[in-house]
Structures are given as structure tokens and as C-alpha cells.
Amino acid sequence: MIRQSPQIPQFEEIYIDHTALDSEVAKRVKSLYSSMNIQVTQGDLPFDRGAMSAQEFSTSKRRLWVRPFPGQFYKRCPGATQKKALTCCNYTILNLGSQCTYNCSYCYLQSYLNLPAVQIYSNIDQALHEMKQMHEQSGHQPFRVGTGEVIDSLGLDFVTLYSHRLIDFFRSAPHWTLEFKTKSDLVDQFIDLPHGGNVVVSWSINPAKIVDSEDHGTACLEARLQAARKVRDKGFQVAFHIDPMIYVPDWKDQYKDLVKTLTSQFQAKDVHVISVGSLRFQPEQKAMMRERFGLNSLVVKAETFPSAGGKYRYEHRLREEMLSFVRKQFLELGGPEWKVFFCMETPETWIQSFQTPNPQHVPGLKDFFRPLAPIPEAIDLNSSSL
Amino acid sequence: MITSVALATMVENSRIQNCLALNHPALRETELIKGIALPKWAGLHVYRSRSERVYEINDTELSEILREKNPPLNPVLIFHWSDLFNQGLLLESQFHLLKTFIDPKLIADQPHFISWKSLTTDQKSWVVEKDFSLTEWESMRGLGENFLFWIKIWIETRATRQEVREMLGILRDLTPEEQLRVTRGTEKPAGLIQELQKIRYPQATEKNRQWQQKVKSISWPKQGSVQWVQRGDLTGLDLKLFVTHPDQISKWQNSIEDFFK
């Protein structure tokens with residue numbers, strides 16, 4: 001049976017900040033969760049802040065909090081801040097919420113977030129305004145904007161319907177690309193909307209057995225691929241992130257099968273990009289993963305070691321072997337037109353597979369890596385009207 | 001009966017630990033309080049403190065504090081609540097409160113607590129002498145019943161606190177069965193650490209063994225030494241050269257190229 005992701009995730013507690021009560025998203029939350037006692041809040045939720053225990057982190061996924069985001073929405077991907085250690089692809093991010101309703105064992109949010117609830121930001125107008133500002137300055141440059149950095153792009157989209165606003169905005173930003181990154185199969189809510197052909201729906205994937213073992217609460221691999229075929233048939237571009245690659249004794253067979261499945265169901269022209277990354281996590285995440293997923297999790301028992309950037313990773317030769325293997329499978333089973341690159345990897349790993357530390361020298365990848373205009377630290381919100 | 005209770009918060013490794021400190025005239029004189037508990041409280045911020053570090057409190061107040069602070073608490077004292085209760089040091093009502101409000105996994109009859117009573121005098125002294133941190137105690141509690149197996153080994157091998165910490169770091173990732181897989185009789189802590197690494201990282205250990213074999217099979221230039229080492233996620237050759245002439249470098253280079261072929 002195909003395991004799908006829930007359209008309306010279940011929460012045990014729902015909070016709406018009093019300043020967000022009139023927002024469209026708050027009204028929709030109230031209507032979709034009408035049977036629940038929704039609490040109106042002022043300021044922070046009445047829970048401790050600071051480092052979270054495993055139990056607190058798990059509990060935070062069962063609370064929903066609708067509130068305006070007080071900071072800047074539009075930012076560079078964190079990988080770009082480690083340019084000395086990592087080869088990065090000029091990705092930009094737009095966070096319209098934070099914390100994920102799914103429970104992947106390796107999820108980096110476990111060492112990144114200390115929020116007591118899943119948050120939906122009610123002030124999407126401000127986010128769109130920031131993007132409009134940036135677009136006025138750099139609309140001609142090929143910016144890629146992703147909404148799935150600290151929240152699954154589509155996991156709550158049936159609740160927020162933010163995809164509608166974003167798809168509409170990107171119709172007037174033809175040189176930019178919008179990416180929804182997800183582990184869900186929730187695409188029906190936007191699939192029939194008119195779009196500018198510059199919307200990529202991407203899935204983080206792994207071989208089915210690894211998904212079943214480590215991606216708790218998500219749609220299974222087949223459901224994700226089914227959703228990908230659906231959006232592809234409606235003219236959206238798709239992308240896949242084989243990330244994080246996880247070692248199992250028969251990893252070669254499993255990843256070869258995965259590449260075979262992708263190259264048989266999709267053509268290179270449908271697929272915006274394939275990014276590949278290997279398992280990595282911050283040291284402080286180890287205890288959290290151990291407590292939440294037990295010693296039999298493939299991630300907890302992985303043979304990982306501290307790397308130069310501080311994260312735990314597989315020994316570098318194994319890592320290079322795994323990444324190169326996947327790239328080679330795409331070359332052999334799909335052909336050179338498949339655009340495959342490595343995510344959050346060191347220049348040394350790039351050299352091993354691509355014979356260059358500079359992705360701009362790799363055919364097909366130049367656009368992803370060429371330097372773009374910097375994003376201002378503070379976007380002036382008053383200089384243009386919506 | 002327990003006459004004073006304090007709820008304390010301390011920050012260790014940027015993690016807030018809520019702790020319940022118990023104080024009792026009878027306990028005050030024991031090595032438990034003198035050797036283990038009190039040093040741990042140094043520098044703690046104690047809630048509701050009056051002139052002393054701990055605050056006299058009755059059951060109702062204890063109940064309120066426990067409710068207010070929303071445990072699970074993280075008790076650092078190494079005894080079973082039931083031990084205290086059985087020794088008449090804890091009122092039944094207090095025991096009931098603790099059972100009600102503290103994560104049941106942390107209460108008596110569970111192997112998560114290290115029972116002070118189960119330690120020998122030598123072991124108690126060793127524990128006191130090492131002055132372990134909260135995090136180290138947490139890891140030791142994680143060993144459950146295997147703690148007694150390991151404390152014997154640590155004392156026998158005269159492991160330093162640093163070596164114990166290193167072993168605990170590996171033991172945390174092992175199942176209870178794997179934790180017992182070390183060969184008893186290993187003389188030195190370094191050997192034990194190697195054994196544990198072999199259990200925790202079987203694949204990396206085997207790969208490194210193969211590379212080390214290869215190092216031996218290559219003919220290296222004289223006047224220098226070469227070793228296969230792992231540093232974090234990187235593995236490679238560690239070379240020490242003594243060069244008297246530039247020509248010698250090319251000999252080393254040839255050998256290295258042979259090695260990585």
C-alpha cells in the first residue's frame with residue numbers, strides 16, 4: 001500500500017497570535033481545525049526557550065502557532081556562508097514558516113531549531129514585498145528561491161495555500177526560479193494553477209527501504225514519485241535531491257535501482273537538477289537522534305566522524321565513492337544531459353568526481369554556481385508599494 | 001524525613017538541566033551528600049533560596065513547584081527514590097509526588113538510576129575522586145545495569161577521567177549487548193578504547209587495517225617513517241621525512257603514488 005502524507009496534519013494544540021487573527025491563513029486554520037480549542041496569544045508561547053530535550057522537540061511538532069515573522073524572509077542558503085569549506089550553488093531561501101511536521105531521523109532541524117511549535121508566518125505579504133524589492137534590483141539574474149529550508153515546502157501547504165501566492169508572483173519573475181522542496185505528495189492544491197514555467201517542485205528522496213526506515217510520517221518513495229509525475233504532466237519542472245545518501249551494506253544496489261527508477265520515469269529535460277549529498281549532522285544532534293530514534297536507526301549507527309566544518313560525516317573515501325557512484329549511474333543509465341551536482345560538499349569531493357573544484361567548469365552546472373548579486377542584509381520595506 | 005527540597009536549574013553544555021536537590025539531616029553526613037551531591041550544586045542557581053542554598057518546603061509547595069516547572073526533571077543524585085523511601089528518608093506523600101510528576105522512566109525500579117547502595121566502598125571512593133560532570137553521569141546512567149560491569153573495568157585498568165569520558169562517548173552508541181562485548185582482562189584503557197572503536201566502527205576499522213597492511217607492503221625510502229592514520233573523517237598517510245637532498249623527495253613521491261594506485 002502506498003503511504004501518503006496527511007493533507008491536514010494533526011496538532012494537539014493550536015495558537016494564533018492576536019496580531020495574526022485577521023490574516024487569511026489564520027482564518028483558514030480556524031476553519032480547518034474548527035473542532036479544536038484554538039488559543040489566542042500575545043507575544044511568545046508560554047514554554048521555555050533555549051536548548052530543547054528530545055521530548056520537547058517531539059512535542060513541538062504537535063503544536064501549531066500562527067504568527068507574523070518579525071525578521072527578514074529572504075536570505076542566502078546557509079551553505080553559502082561556508083564558502084571556504086563547501087562548494088555552494090547560490091541558492092536563496094524564503095522561509096514562510098519553521099519546523100516540520102515530519103520526523104526524519106537525520107533532520108538537521110534537531111540541532112537548529114529551539115522553537116516550541118511548528119510556525120506558520122501570517123505576514124506573507126511582507127515576504128512577497130521583500131522579493132519584489134529584490135526583483136526590482138536583480139530580476140534579470142537567475143536567482144533560485146527555495147521555501148523548504150526550515151519547513152517542508154508543501155507539508156502544510158493545503159493549510160496555508162501559500163503556493164498560490166508564490167506561483168502567482170513568479171509569473172512576473174521569469175528569470176527567477178521558485179523551488180518547493182518536499183517529502184510529501186501534496187500537490188493537488190496548486191497543480192491546476194497557471195504558472196510561468198519557472199516553478200520547480202522537488203523531492204528529497206532515497207531508496208524505498210531507507211525512506212521507510214528513516215523518513216517517519218512522510219509520503220513513501222512511490223507516492224512522492226507519483227506526485228512528481230503529476231506535476232511534470234502539468235508543465236512544472238521537477239527536481240530530486242538524493243540527500244542524505246545513507247550507507248547500508250547493499251547501498252550500491254539500492255541507489256542503482258533508485259537511479260534506474262528515476263531515469264525510466266523521467267526524462268532529463270523534465271528534471272531541473274539532481275542534487276546529491278551524503279549524511280551529515282552537527283555533533284549536538286547525535287544525542288537527540290539517539291534518544292528519538294534509538295540505536296537501530298541507520299543514521300544513529302552510521303560510522304560518521306567529525307569533519308573539517310565540525311559536522312559528522314562518513315569517512316571521506318566512502319563519501320566520495322558513494323557520491324561518484326550515483327553520478328556515474330546517471331551518466332550510464334540516463335546520459336550526460338542529466339544535471340547532477342553535489343550539495344554541501346567539500347571541494348575535495350568535487351575534484352574526485354568532477355575533476356575540478358569549480359562547478360562552473362562543469363557543463364550544465366554553470367548557471368547554478370555563477371556568482372550573483374548579494375542580497376542586502378536589510379531590505380528596505382518602505383521604498384516600494386505592493 | 002526530607003526536610004528541604006530545592007529545585008535548581010543549571011546550564012551545562014548550553015542545556016538547561018532541572019534538578020531536584022534533596023536535603024536531610026541524615027543524608028547530610030553521608031558520603032553521598034558530601035562527596036557527590038554538594039560539589040555538583042556549586043554555582044547552581046537555586047530557586048526560592050533563603051539564607052541557605054536550599055529552602056524548607058512542605059508537600060504542597062513541592063507539588064506546586066513540580067507542577068510549575070513541568071518536569072521531566074533531571075536528577076543528578078545517584079540513588080533510587082525508592083531507596084530513600086525504604087530507608088524512611090522520604091515521606092510517602094513526597095514519594096507519591098515524585099512518582100506523579102517525574103518521568104516514570106527516571107524513577108525507582110528502572111535501570112536508569114545507578115544505585116549508590118549497589119557500589120562497593122572502593123567504587124564509591126573512585127566515583128567521588130573522579131568528580132564526574134552531569135553529562136558524564138547521564139552517559140553512565142545510560143549504561144543501566146552494565147554500569148557495574150564497566151565501573152569494575154575502569155577501576156581495574158586505572159582509567160583516567162578523560163579515558164572514561166572517551167569510552168562513554170563510544171558506549172552511548174552501542175546496544176547493551178555490544179557494551180559487554182569487550183574482552184575482559186584487557187590491561188590498558190587505550191586497548192579498551194580500541195576494542196570499543198572496533199565494535200562501534202567495524203567497517204572503518206577493517207578498512208584502516210587493510211590500508212595499514214598496504215603500508216607494510218610498500219618499499220618506502222629510508223630516513224623517514226610512514227603510518228596510515230585517521231583524523232576525523234579523513235584518512236591518509238602520516239609521513240615524517242628527513243631530507244638531506246631534493247632528490248629524496250621524488251623517491252617519496254614515487255612510493256606514495258605506488259601506494260595509492
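**View 1. Salt bridges across the interface of chain B and chain A.** The rule finds 3 salt bridges across this interface, a salt bridge being a side-chain nitrogen of Lys or Arg within 4 Å of a carboxyl oxygen of Asp or Glu. In one of them, the side chains of Arg319(A) and Asp233(B) meet, with 2.7 Å from N to O. The model shown here is predicted: local features need pLDDT of at least 70, side-chain atom pairs count only at pLDDT 80 or more, and totals for chains, interfaces and linings use all residues. Residues are numbered from 1 along each chain as its sequence is written, chains are lettered from A and ligands numbered from 1 in the order in which they are written, and side-chain values use heavy atoms, with hydrogens and water left out.

**View 2. The interface as a whole.** Here 22 residues from chain B meet 26 residues from chain A, where contact means heavy atoms within 4.5 Å. Together the two chains bury about 1,900 Å², 43% of it on carbon and sulfur atoms; this is the accessible area (1.4 Å probe) that two parts lose on being put together, summed over both. The rule also finds 14 residue pairs in polar contact across the interface, both residues at pLDDT 80 or more. A polar contact is a pair of N or O atoms within 3.5 Å; within protein, one must be able to donate a hydrogen and the other to accept it, and residues adjacent in sequence count only if both atoms are side-chain atoms. On the chain B side, strand 2 (15-23), helix 12 (202-217), strand 4 (224-231) and strand 5 (234-241) each supply at least two residues. Helix 12 of chain B gives the largest share of that side, 4 residues. Helices (H or I, at least four residues) and strands (E, at least two) are DSSP runs, numbered from the N terminus.

**View 3. A closer look at His316(A).** This histidine is found in helix 10 (residues 316-334) of chain A. His316(A) counts as buried because its relative accessibility is 15%, and buried means under 20% relative accessible area (1.4 Å probe, protein chains only). Leaving aside residues up to four places away in sequence, His316(A) touches Asp233(B), Leu234(B) and Thr235(B). A polar atom of the His316(A) side chain lies 3.3 Å from the backbone oxygen of Thr235(B).

**View 4. Strands 4 and 5 of chain A.** Strand 4 of chain A runs antiparallel to strand 5 (residues 91-94) of chain A, and 3 bridges join them. Within strand 5 of chain A, Thr92(A) is the bridge partner of Arg76(A).

Definitions and conventions:
Buried means under 20% relative accessible area, exposed over 50%, partly exposed in between (1.4 Å probe, protein chains only). Two strands pair if DSSP finds at least two bridges between them.
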